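Dear colleague,

My notes follow below, arranged by topic.

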Amino acid sequence: MAKVAFIGLGNMGGPMAANLVKAGHEVTVFDLVEAAMDSVVAQGASKASSALDALAGADTVITMLPAGKHVAGLYLGDDGLVAKAAEGTLFMDCSTIDADTARRVGEAAEARGLQMLDAPVSGGVKAAQAGSLAFMCGGSADAFARGKLILEGMGKNIFHAGDHGAGQIAKICNNMLLAVHMVGTAEALQLGANNGLDPKVLSEIMLNSSGKNWSLENYNPYPDVMQSAPASNDYQPGFMVQLMLKDLGLAMENSLTTQSSVPMGALARSLYASFSSKGNAQRDFSSILEMFQS
Ligand code: NAD
C-alpha cells in the first residue's frame, strides 16, 4: 500500500482522497481551507499543517486543484513540491489545467529524477464519490504503470494518453466534443418539440437512428425524458456550466497555440459563455437547452 499525500480536498478531491483511505492506502491530506479536510480525516486520513508537511514520508503525491496557476504555484520554485519531495516520489496531478503547465511541471519533476503524471478525470462529483472516475494520463510508461495501481482506488477506466501533457489534451478533446454533442442534442430536441413532437418519442427515434450520442443516451437535456438526468431535476448539477466553460476555454487556448481549426468547439464555447453570463454558471451544462426555447 502507498503512503499518499493528497493536496486539494474540494468537491472532487475530498471524495477521491476518502476512496484511497478505503482502498487501504495511508493518506495524509492538506487543503488551504481547514474545513475541507474534516470529512476525509473523519474517515481515517491524517491531517497535515501545510503541503510540505504532507510530503513527509509520502511516496506518492496527488493534487486536485482549481487551475494551472495553482498547480504551478504549488509544484515549482525553491519551496515547491518538486524541489522538496524525497527521491523516488511519484506525483499525480488530477486537476484540469492547460497542457503547457502540465508539461512544464512534469519536465521539472523529471529533471530532478522524480516521476510525474498529469491525470485529469472525466466524471463529476458523483463519480468521484462512487470511485468510478476515468483518468487520462500523460507521462512515462513507468510512471503510468506505478500510478495506475493507485488510481484504481478512485476510478475504473485508466488510460495512458502519451507523454507529459497528453492527459490534459485528451481531457479537452473529450469535453469539447461533449459540449458540441450536448448543444446539438438540445437544439435537435427543441426543433422537434417546436413542431409538436413529444421529446420522449423523438429521443427514442434518435437513439435508434444515426443521431445517437452520449448526451442523448445518458444525459437527455429535455426535462422529464430521463428521470435520472439533471434536466428532470431543475438542472441541478451534475456538471456545471462554469466548469464546461473552463474546459472549452482550455481547448480554445490550445487551438491557438497549435493553430488547430475548431469551429464547432468555438461556437459551443461562445454559446456557453453567453448562457453562463445570464445567471446560469452554476446550473448543469445540459440547461443550455433553454437557449433554444424562446
Ligand atoms: P474545488 O474548487 O471544489 O476544490 C479545489 C480545492 O483546492 C479547494 O478546496 C481549495 O481550497 C484547494 N486549494 C487551492 N489551492 C491550494 C493549495 N495551494 N494548497 C492546498 N489546497 C489548495 O474544485 P473541484 O470541483 O474539486 O475541481 C478540482 C479540479 O477538478 C478542477 O481542475 C476541475 O476543473 C476538475 N474537475 C472538476 C469536476 C467537477 O465536477 N467538479 C469534474 C472533472 C474535473
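**Aromatic pairs**

A search of the whole structure, which is a predicted model, finds four aromatic pairs. One of them is formed by Y219 and F285, whose ring centres are 5.3 Å apart and whose planes stand at 50 degrees, so the pair is tilted. This pair links distant parts of the chain, since Y219 sits in the loop between α11 (214–218) and α12 (241–257), while F285 belongs to the segment after α13 (263–280), 66 residues apart. Y219 has a relative accessibility of 13% and therefore counts as buried, the limit for that word being under 20%. F285 is buried as well, with a relative accessible area of 1%.

F285 also pairs with F239: the centres of these two rings are 5.6 Å apart and the planes are at 70 degrees, so this pair is edge-to-face. Here too distant parts of the chain are linked, with F239 in the loop between α11 and α12 and F285 in the segment after α13, 46 residues apart. Taken together, W214, Y219, F239 and F285 form one aromatic cluster.

**The annotated active site**

An unreviewed UniProt entry carries the annotation "active site", and this covers K171. In the model, K171 is found in helix α9, which comprises residues 166–194. Is K171 buried or exposed? With a relative accessible area of 6%, K171 is buried. Leaving aside residues up to four places away in sequence, K171 touches T96, P120, V121, S122, M136 and D247.

**The ligand**

For L32, a polar backbone atom is 3.4 Å from a nitrogen atom of the ligand. On its own the ligand has 830 Å² of accessible area, of which the protein covers 84%.

**The annotated domain**

Finally, UniProt, again in an unreviewed entry, places the feature "domain: 6-phosphogluconate dehydrogenase NADP-binding" at residues 3–162. In the model, this span is 41% helix and 25% strand, and its end C-alpha atoms lie 26 Å apart.

Methods. Residues are numbered from 1 along each chain as its sequence is written. This is a predicted model: local features need pLDDT of at least 70, side-chain atom pairs count only at pLDDT 80 or more; totals for chains, interfaces and linings use all residues. Side-chain values use heavy atoms; hydrogens and water are left out. UniProt positions are given in the numbering used here, feature names are shortened, and annotations may be inferred rather than shown by experiment. Helices (H or I, at least four residues) and strands (E, at least two) are DSSP runs, numbered from the N terminus. Buried means under 20% relative accessible area, exposed over 50%, partly exposed in between (1.4 Å probe, protein chains only). Contact means heavy atoms within 4.5 Å. Rings of Phe, Tyr and Trp (its six-membered ring) pair if their centres lie within 6.5 Å; planes under 30 degrees apart count as stacked, over 60 as edge-to-face and the rest as tilted. A polar contact is a pair of N or O atoms within 3.5 Å; within protein, one must be able to donate a hydrogen and the other to accept it, and residues adjacent in sequence count only if both atoms are side-chain atoms. Accessible areas come from the Shrake-Rupley method with a 1.4 Å probe; for residues, only the protein chains shown count as cover.
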